[in-house]
Amino acid sequence: MRRIFQFCLLSGVLALAASCSATNRLSMTVTEPAAVMLPGNVQRIGIINRSLPSEGNRGLAKIDAVLSAEGMKLDSLGASAAIEGLADRLRLSNRYEAVVVLEELPQVARGLRGMPAPLTREQIRELCNTHGLDGIFSLSFYDTDTRVNLQLGMLELPGDLGLPISVPAHKLDLDTEVRNGWRIYLPDLPLPVDEWVYTDRFRVSGQGINPVAALESIGVRKDRVLELSQRTGYRHGGRLEPRRVRVGRDYFVRGSDLFVRGKRLAQTGDWDGAARLWERETDHPKGKVAGRAFYNMAIINEINGDLDAAIDWARRSYADFGTRHALDYARTLEGRRARQEQLMADLAW
């Protein structure tokens with residue numbers, strides 16, 4: 001009973017605190033620039049696969065073949081699926097004149113479980129000149145690693161009379177980790193302009209009267225690896241595209257009757273109506289109230305996409321009235337404006 005009373009008391013305190021809060025939280029969707037921005041003259045893209053095993057790596061590849069049950073063949077298929085996913089994403093973006101997958105390049109293939117040394121500028125220029133390309137996307141390594149967990153248990157099988165019978169069985173869990181690393185090269189730059197590694201994991205399970213039967217019962221592992229790899233390659237292509245993200249903002253809802261009315265209008269989606277009330281309070285004789293109104297005007301201008309005006313309102317809220325959070329908000333807006341300018345330059349290419 002005492003615990004119930006304490007819980008109710010805590011809930012009441014939290015509810016009271018929420019109701020007395022001077023601010024409300026809103027979320028909005030904003031457009032951020034791409035993680036990787038390439039010059040506009042990069043129009044013809046080549047994709048190469050550096051994950052092919054080289055002669056000096058075949059001993060390691062054979063060991064991995066035993067551990068992963070399907071070995072080098074699965075790695076090769078997975079790498080091809082990843083490259084296919086990237087090529088699909090780049091082509092669908094309609095940004096490039098051509099996206100070409102370059103096959104059989106033994107001069108650049110190095111089979112490693114991690115990032116190899118970057119290609120040299122001379123190698124990149126040779127590839128670009130030979131194939132008429134402006135840039136190279138490289139699958140620098142691809143590796144699957146599988147941990148095997150085998151346990152003894154019981155398995156129910158149909159009996160002669162239609163009744164199930166329990167027999168000793170082996171339960172097999174395969175925990176697979178898929179790792180792949182990517183680089184982007186431009187012929188005029190000595191180093192990769194981007195380098196990124198993905199690590200994904202999944203588990204598949206099966207059971208049978210012996211370990212071989214348990215392994216044979218797992219028919220989806222190959223499909224999971226190929227699907228995951230294709231999705232990773234497709235996701236990697238998204239690093240070159242602007243992205244939509246959700247951001248949270250706090251706005252003031254207390255300070256005067258007009259703030260209370262503005263809160264109700266905002267909750268119904270009438271932000272313009274709320275803004276008209278906030279703007280009236282920018283001339284309020286109390287500096288605290290006026291500062292909150294200036295802050296809220298920054299919020300409404302960000303909602304409407306006018307970052308310059310939003311920054312001006314936020315700066316004045318802090319400089320003239322010392323409004324709490326206004327300085328941090330102004331800096332957040334300035335960062336958004338800088339990224340927006342990057343985005344505009346990217347879209348203009």
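**Helices and strands, step by step**

Helix H8 crosses helix H9 with a left-handed sense. This is a predicted model. H8 covers residues 271-280, and H9 covers residues 287-303. Their axes come within 9 Å of each other. The crossing angle is roughly 150 degrees. Angles over 145 degrees count as roughly antiparallel, so H8 is roughly antiparallel to H9.

Which residues of H8 and H9 meet? From H8 come Trp271, Ala275, Trp278 and Glu279. From H9 come Ala293, Asn296, Met297, Ile300 and Ile303. An α-helix has 3.6 residues a turn, so residues three or four places apart point the same way.

Now move to helix H10, residues 307-321. How far apart are its end C-alpha atoms? The helix has 15 residues, and at 1.5 Å a residue it should span 21 Å. Several residues of H10 are buried: Leu307, Ala309, Ala310, Ile311, Trp313, Ala314 and Ser317. Glycine 322 follows H10. The phi of this glycine is positive, near 65 degrees.

Finally, turn to the strands. Strand S2 takes in residues 44-49. Is S2 mostly covered or mostly open? It is mostly covered, with five of its six residues buried. S2 has a partner, strand S3, residues 98-101. The two strands run parallel, and four bridges join them. Where does arginine 44 stand? Arginine 44 sits opposite alanine 98 in S3.

Notes:
Residues are numbered from 1 along each chain as its sequence is written. This is a predicted model: local features need pLDDT of at least 70, side-chain atom pairs count only at pLDDT 80 or more; totals for chains, interfaces and linings use all residues. Side-chain values use heavy atoms; hydrogens and water are left out. The expected span of a helix is 1.5 Å times one less than its number of residues. Buried means under 20% relative accessible area, exposed over 50%, partly exposed in between (1.4 Å probe, protein chains only). Two strands pair if DSSP finds at least two bridges between them. Axes are lines fitted to C-alpha atoms, for helices over the stretch in contact, and angles run from 0 to 180 degrees between N-to-C directions. Angles under 35 degrees count as roughly parallel, over 145 as roughly antiparallel, 65 to 115 as roughly perpendicular and the rest as oblique. A crossing is left-handed if the near helix is turned anticlockwise from the far one by less than a right angle, and right-handed if clockwise. Contact means heavy atoms within 4.5 Å.
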